[in-house]
Amino acid sequence: MKLNAFLTAALLGLAVSASHAGIYGQNLIVNGDAEQGTAGWNVFDDYSFIQSVSYGNNWVKPSEPGPKDRGAKMFTGLGEKAVAWQSLDLGQYSRAGDRYSLSGWLGGWQAQGDNAKLYVSFLNDLGNELGFSEIGPVSAADRGNKTGLFYREASGLLPEQTYTLQFWLSMERLGGGDNDGYADNLKFSLSAAAVPEPASFGLVAMGLLALGVATRRRRA
């Protein structure tokens, strides 16, 4: 009986690891690089929306600070305060020891105080916030009063029982006519707690199964 229980636990561990594998190691922000316009992002009530614009003289030149793999597009804001959001149900609860990594390129225009911030909220299945993480804003002083985007990142442990992620991208205009809060290459990924690889689980289960067969033969 003890052997059967142990074998069942090993197989259950294999199944759980396989079911979680799909959420690890990939960018969970949809269209974080603005290459698909504003697809994947939603308007937040009573605020202006973001926009996807081309790198160039009107915004950030390709020669100015920013990601090396910046592509053709970046995000900036509309109006005085722009907010966009997106939500993702993980389809399962996070486990103890799961970690997250949040990163992106944020910036603004010359000495103006316009800025951008990316915020992620960790929610349980009832919609209650268990924790959060954020990057930005990058101030004009942080940029040395230069136009461009600058890398920011944050990481840590994902709260246990996290079921939903909500991402909030905001841009604030503090000077000039345009909202020059800039963002590009926004990324959020999860990594699993240190557990045996699925292949290891399989080898353990097979070994236990063989041991069980041998034990039954000796008893027979």
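Two strands pair if DSSP finds at least two bridges between them; strands (E, at least two residues) are DSSP runs, numbered from the N terminus. The model is predicted, so local features need pLDDT of at least 70 and side-chain atom pairs count only at pLDDT 80 or more, while totals for chains, interfaces and linings use all residues. Residues are numbered from 1 along each chain as its sequence is written, and side-chain values use heavy atoms, with hydrogens and water left out.

**Exercise 1.** Describe the surroundings of Leu118.

Solution. 
- Leu118 belongs to strand β6 (residues 115-123).
- Its relative accessible area is 0%, and buried means under 20% (1.4 Å probe, protein chains only).
- Leaving out residues up to four places away in sequence, Leu118 touches (heavy atoms within 4.5 Å) residues including Ile29, Trp168 and Leu186.
- Lys187 is 69 residues from Leu118 in sequence, yet their C-alpha atoms are 9.9 Å apart.

**Exercise 2.** Identify residues that touch the most other members of the largest nonpolar core.

Solution. 
- A nonpolar core is a set of buried Ala, Val, Leu, Ile, Met, Phe, Trp, Tyr and Cys residues joined through side-chain atoms within 4.5 Å.
- The largest has 30 residues, and those touching the most other members include Trp41, Phe75 and Phe188.

Note on methods: Helix = DSSP H or I, 4+ residues; strand = E, 2+ residues; numbered from the N terminus. Buried < 20%, exposed > 50% of the residue type's maximum accessible area, 1.4 Å probe, protein only.
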